[in-house]
Amino acid sequence: MITYEWRNRLEGEELDEVVELVTRAAEYDNEAGFSHIDPAMAREADDDTRRIRHLPIKARRDLSPLEDIPLVTVAYLHLEVDANGLGTVSYVVHPDYRSRGITTMLVEEIGLDTGAEGGWDDTGAKALRCWAYSTHPASGRLTRRFGVPAVSRQWTLIRHLTGPFALPLDTPEVPSGVSLGTPRELLADDPVLDKVLGSADLAARHHVRIASDLRHGSGLVVDATGADGDVLGFVWYSTDHRQYLELRTAPVNALVLTAAARGAGVGTALLTAALTHQRDSNVQLSTLRIDPDDAGAVRMCRLLGYEQEDVHSCYQVGETAIPLPAFR
């Protein structure tokens with residue numbers, strides 16, 4: 001019913017079909033916040049630090065049993081294997097072919113054995129990790145059926161800024177000796193932000209994730225500066241609108257403090273400043289992702305009126321000494 005073959009590189013019509021699939025799926029899943037694949041990933045190939053494998057999954061159009069019906073790409077799996085043999089999986093099914101057994105059939109045929117000499121399905125992957133964003137029912141059913149455990153979780157929190165569910169947003173109470181800068185555009189490779197990251201008490205996985213996102217991201221930054229002129233922390237956010245729950249929504253991408261600044265109210269002041277700027281830019285709903293194991297962050301967000309909206313899970317097959325991941 002399905003057919004597939006690993007590719008080192010996608011080319012021609014096959015590349016076009018995969019790009020169309022991941023683009024259509026990302027648009028379809030945007031409001032729900034489900035996992036998506038950047039079309040640029042379909043053009044990736046091996047480099048000095050990683051092995052890339054592409055798996056287009058094909059079936060007869062409309063899953064027809066007739067041999068003369070053409071094959072179409074119904075799903076796509078992107079695999080990135082690092083030097084330690086850890087494989088990061090990104091996977092999506094075409095919206096027209098969901099809930100029709102495509103993924104179950106693929107897992108049943110390929111299996112989940114990572115212990116063979118050549119790794120999983122001879123790709124070199126000795127362990128596999130995959131993020132499932134939002135409370136996706138299909139990922140829950142699949143992982144339960146095949147006994148795949150979740151090894152890391154993230155939460156998405158929401159904060160209503162206007163409307164009947166919005167709590168009052170007080171003027172930021174800035175700690176004595178601390179000043180907040182005016183919002184500025186995020187710049188790639190900002191040495192100030194790099195210095196704060198280097199002094200922050202962050203797990204390695206979060207440090208790597210935020211550093212990568214800052215290099216490729218856009219938006220606005222507000223800094224908190226101490227009496228001696230040193231930057232104590234920053235908040236990175238956006239005021240660009242997107243639709244979520246039929247509301248104008250924008251994210252707070254990151255809030256980072258130096259280890260010395262934690263617990264002094266600097267984080268609350270920065271986050272409140274970002275929320276205030278979003279509200280004044282006609283944003284109705286602000287979103288934020290946090291690590292639920294960070295008790296201090298959870299408490300601060302609760303006090304600022306955030307509510308939990310979604311749980312995101314990272315699933316793993318096989319054993320690896322690589323630290324647990326942050327969001328991909």
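This is a predicted model: local features need pLDDT of at least 70, side-chain atom pairs count only at pLDDT 80 or more; totals for chains, interfaces and linings use all residues.
Mentor: A residue counts as buried under 20% relative accessible area, as exposed over 50% and as partly exposed in between, for a 1.4 Å probe and protein chains only. Residues are numbered from 1 along each chain as its sequence is written, and side-chain values use heavy atoms, with hydrogens and water left out.

Trainee: Does Asp121 count as buried, partly exposed or exposed?

Mentor: Asp121 lies in the loop between helix 2 and strand 5, where helices (H or I, at least four residues) and strands (E, at least two) are DSSP runs numbered from the N terminus. Although Asp121 is not a glycine, its phi is positive, at about 50 degrees. Its relative accessibility is 33%, so Asp121 counts as partly exposed.

Trainee: Is Asp62 buried or exposed?

Mentor: Asp62 belongs to the loop between strand 2 (50-60) and strand 3 (71-82), and it has a positive phi of about 60 degrees although it is not a glycine. Because its relative accessibility is 54%, Asp62 counts as exposed.

Trainee: How many residues of strand 5 are buried?

Mentor: Strand 5 takes in residues 127-132, and the strand is mostly covered. Of its six residues, the number buried is five.

Trainee: Which residue in strand 5 is the bridge partner of Thr88?

Mentor: Two strands pair if DSSP finds at least two bridges between them, and strand 4 (residues 86-93) is joined to strand 5 by three bridges, with the two running parallel. In strand 5, the partner of Thr88 is Arg129.

Trainee: Which residue in strand 14 is the bridge partner of Trp131?

Mentor: Strand 5 and strand 14 (residues 307-317) run antiparallel and are joined by five bridges. Cys130 has Tyr315 of strand 14 as its bridge partner. For Trp131, the bridge partner in strand 14 is Cys314.

Trainee: Are the rings of Trp6 and Trp120 stacked or edge-to-face?

Mentor: The structure holds one aromatic pair, and rings of Phe, Tyr and Trp (its six-membered ring) pair if their centres lie within 6.5 Å, with planes under 30 degrees apart counted as stacked, over 60 as edge-to-face and the rest as tilted. The centres of the Trp6 and Trp120 rings are 5.6 Å apart and their planes stand at 80 degrees, so the pair is edge-to-face.

Trainee: How many residues apart are Trp6 and Trp120?

Mentor: Trp6 and Trp120 are both buried. The pair links distant parts of the chain, with Trp6 in the loop between strand 1 (2-4) and helix 1 (12-29) and Trp120 in the loop between helix 2 and strand 5. Their separation in residues is 114.

Trainee: How far apart are the C-alpha atoms of Gln284 and Arg248?

Mentor: Gln284 sits in the loop between helix 6 (266-280) and strand 13 (285-290), and it counts as buried because its relative accessibility is 18%. Gln284 and Arg248 are 36 residues apart along the chain, while their C-alpha atoms are separated by 5.2 Å.

Trainee: What separates the C-alpha atoms of Ala83 and Arg100?

Mentor: Ala83 is placed in the loop between strand 3 and strand 4, and with 77% relative accessibility it counts as exposed. Ala83 and Arg100 are 17 residues apart along the chain, and their C-alpha atoms are separated by 35 Å.

Trainee: How far apart in space are Leu161 and Thr276?

Mentor: Leu161 is found in the loop between strand 6 and strand 7 (179-180), and it is buried, with a relative accessible area of 6%. In sequence Leu161 and Thr276 are 115 residues apart, and in space, from C-alpha to C-alpha, they are apart by 8.3 Å.
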